[in-house]
Structure formats: C-alpha cells, structure tokens
Amino acid sequence: MKIGIVGLGFVGLSLTSVLSSKGYDVVGIDVDIDKCKIISNGNAPFFEPELEETLKTGLTKKLKISNDFGLINNCDFLFVTVGTPQNVDGSIDLSIIKKAISTIGKNLKKNKKKPIILVKSTVIPGTMKNVILPILEQKSNKKAGKDFGLVSNPEFLQESTAIRDTKFPHAVVLGGYQTIFMKKTKNFFTKLHPDTPIIITNHQTAEMIKYANNSFLATKISFINQLSNICQKTPGANVDDIAKTIGLDPRIGKLFLNAGPGYGGSCLPKDMKALINFANVSGVNPSLLNAVEEINVKQLEEIITIAKQKLGNLKSKKITILGTAFKPDTDDIRDSTGIELIKKLIKMKAKITVHDPRAIKNTKKIFGEKVKYVKTITGALSKSQCVIIMTQWKEYSKINNEMIKKMDKKIIIDSRRILADKDINVDYNAIGIGDNV
Ligand code: UGA
C-alpha cells in the first residue's frame, strides 16, 4: 500500500513521520523545495517534541520527501494537509487547497489506480461537495465514488503533542458517501487505530465537527477567562481552585479551563472567525461565538491595565516579556498573545526585553531590532521595571528571589499564575487571583 501526503506543515509532517515510522510506504510532498531538503535530511522545519526522532525512523524505512507531485502517482491513499489561511473578513482562503487539488486532479487523470483522497485541511461546510469534488472531477475527467474516493478526515492534533495525538487520536471522523472507498478507508483506520472510535458521516457534518470542536474549546477558555476576571476583582478568590473543582464534574471536564491571556495559535482564533463568518452568511446570528471572540480579544487589556496601574504611563518603561510562543513546547508564534502584547506595548513606547526558550528566532522575524532579546531568564529580568509572564514554560516557574535581585522595580504580572504558590519578594499580580485585603 502506498500513501501520499500533500502539505508538510504540523499536520502533514506529523502524519508522514508517524505512518512511515510504522513501516508504511509513504511519500511526503510539499511545494517548498528548501523545506523538502531540510526534512529529507531528517530535520523538522519547526520545533515539535518527538517529531525529529519519528521522522528519522521513517527515513530509515520507505519514506520519500519531494516537491514532485508526480510521485503521488499510484498512491492508494492520498492525504491533503495544506493550509487554509484566513481572509480579512474571517472567511478561509481556499487558494492553496484549490491549487493542490487541481494538481492532484491532473495527476489522477493518468493514474491507473483508484485512489482515496482524504482531506484533512480545515474547510467550511460545503467546501468538499461544492469546491473540492468538482475540481477533482473536472481536472481528472473521472467520477468520484467510481474512479476515486473522496473523504473528509478532519484533524484534532494539538501542537506540542502532535506525534502522540497522531498515534492516538481521540476519534477518527470520516465524511463522505457510503461507497466501497469509505469501507476501505474505515478498514485502514481500524487497523491503524484499533481502539479509537470511528465516526462515519457525510461531508458537511465532518467539516462542521472540526469547527464545533475548536469553537467549543475556545468557548471553554473564554468562559474561564471571564470568570478569572471576576475573581481578580474578588479579594482572595482563586480561579485555579475553581477550575480544578468544576473540572471534577464529568459534565464539565478538567481540560481547557486554564485561565490566561486569551487563546492564540494558528487554529482557534482562525476557526472561530471562519465559523462566525459562516454563521452570518448562513443567516444565523452567532451571538455566543461573538462573545467568546470578544472576551478573547479584550483579555490582553487586563494585563495592560495592571501594568498601567503599577507603572503609570508606560512610555520608556522597561518591561520584560517572558514567552512569545503561543503555548509551551513549541516555537510557533502565530497569533500568539505574547506577540500581540509586545505590539501594543511598543505602540505605547515601552522598552521591551524578550525571553523565550524556543521562539526567539521567530520573534526576531517580527520585531527585528525594535526589542531586546536576552538568552537567560535572569538576564532578561535585570534592570526590568515590570515582568510579564505570558507563556507557561516550565522554566519560568523556577524564578526565585535570587533571580529577581537585579530588577529595577520588583513587579511581576503573571498571566498563568506560575508563581502563585512561591514565596517571592515582589509586587505579585496574577490574572485570576483577587488581591487579598
Ligand atoms: C487546537 C486544538 O486544540 C486542536 O484539537 C486542533 O486540532 C488544532 O487547534 C487545529 O485546529 O489544528 P493548537 O492550536 O495546537 O490546537 O493549540 P491548543 O492547545 O488548543 O491551544 C490554543 C490556545 O489556547 C493557546 O494559546 C493556549 O495557551 C490556549 N489555552 C488552551 C488556554 O489559554 N487555556 C487552556 O486551558 C487551553
């Protein structure tokens, strides 16, 4: 059995690495030649735990990486994992996926096999039926359901646990028509993930499941963030104890109740906007989704308000930002709240020093010389008038009295309450913990 994977980002490269490491005959395709070279040498173009080891194992087996779409010829399964970025109005930009699908369609024309094309890219309900399927049929001059299979196969992996999530997904969703191709796809996934529930549905429902999943997660986060803001105004109240306790109720569940500076990353903000746009276009007022989004956007203001209360006008104030990655264990800064905060502080003419264990290279691409980068945490704290912890890196929980010695003003704003239980001689302000009176 031969498997092709088109698009080697987080989803595509994780899948390529996992399947090839298990011995499957895999070809990973990407239009970016430089990226292909890096991957072929056993290196990941971004940081993701366990990815490189898994990739290297795959390369010792049958894995091939190339920018040549011709290699997808004679694949039995073809996964499409290209990006669907955001347009200004919040809708998704289909240009990349349309191009990839056109190329696959042209290739299909000469293909002797009857491949099954699985789309993992996140697309708005209706895209598979109204956009992807017609392009494939037109370019290949073949019929879906007869000459090739087409299946929606949304992905639920999280960055920082991408390999584990690819190996052990909580569910496999297969959307499409009930054909022999669907049966084959189900058999493939049953073998790959014997203990995982497989949900078979139509295209539109599968497409919607992905948005439902991410928008529900965003809703949980905005819910706890709003509660955390109320806690902050309630002397002695602690949002973590509340989250821990309500999380014990199985109807609520403990995950995604970690209050903070708002959700970021390449998926939750984008998918929320796309769903809101889709609801509006469909004639449904997405009032709940709008509120979730509004709470998220305003969450950074909570941090800026505390900074202003403590420092007055922020002009020329030396502020240290700890963490620009959108979450720990990644170097990804896309839609990161830390990056957004720095942009706002620069506008207020604050002097910014930045530390992040992994994301400095990417951060430099955005701010260049506009901010100062320091490699050690102690160095980043030196001369600072206010430290703002943005990303929950483990390293930051080690901050102690020794490390803060050289701070000019000993003020810490902790958006993740990493230091809440520590005995540190600072003016400590945590998002979600009410000041004791
Ligand atoms: C998210 C989803 O969790 C995945 O299931 C989905 O497959 C992926 O998007 C996608 O659509 O590709 P990811 O973007 O990797 O995954 O990141 P998350 O772990 O969901 O975190 C998103 C943001 O929410 C981060 O900024 C994180 O710090 C924040 N967050 C998360 C909180 O503030 N509190 C929490 O309790 C959890």
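Author: Let's start with helix α4 (residues 95–110) and helix α5 (residues 127–140), which pack at an angle of about 35 degrees with axes 7 Å apart. Helices here are DSSP runs of H or I, at least four residues, numbered from the N terminus. This is a predicted model: local features need pLDDT of at least 70, side-chain atom pairs count only at pLDDT 80 or more, and totals for chains, interfaces and linings use all residues. Residues are numbered from 1 along each chain as its sequence is written, and side-chain values use heavy atoms, with hydrogens and water left out.

Reader: Which residues make the contact?

Author: Contact means heavy atoms within 4.5 Å. Among them are Ile-97, Ile-101 and Leu-108 of α4, and Val-131 and Ile-135 of α5. By class, the contact has 8 nonpolar, 3 polar and 4 charged residues.

Reader: And which residues come nearest to the ligand?

Author: Near means a heavy atom within 4 Å. Of the 20 residues around the ligand, Leu-157, Gln-158, Glu-159, Lys-210 and Lys-327 come nearest. A side-chain N or O atom of Lys-210 is 2.6 Å from a ligand oxygen, and a polar side-chain atom of Arg-416 lies 2.9 Å from an oxygen of the ligand.

Note on methods. A polar contact is a pair of N or O atoms within 3.5 Å; within protein, one must be able to donate a hydrogen and the other to accept it, and residues adjacent in sequence count only if both atoms are side-chain atoms. Axes are lines fitted to C-alpha atoms, for helices over the stretch in contact, and angles run from 0 to 180 degrees between N-to-C directions. Helices (H or I, at least four residues) and strands (E, at least two) are DSSP runs, numbered from the N terminus. Ala, Val, Leu, Ile, Met, Phe, Trp, Tyr, Cys and Pro count as nonpolar, Asp, Glu, Lys and Arg as charged, and the others, Gly among them, as polar.
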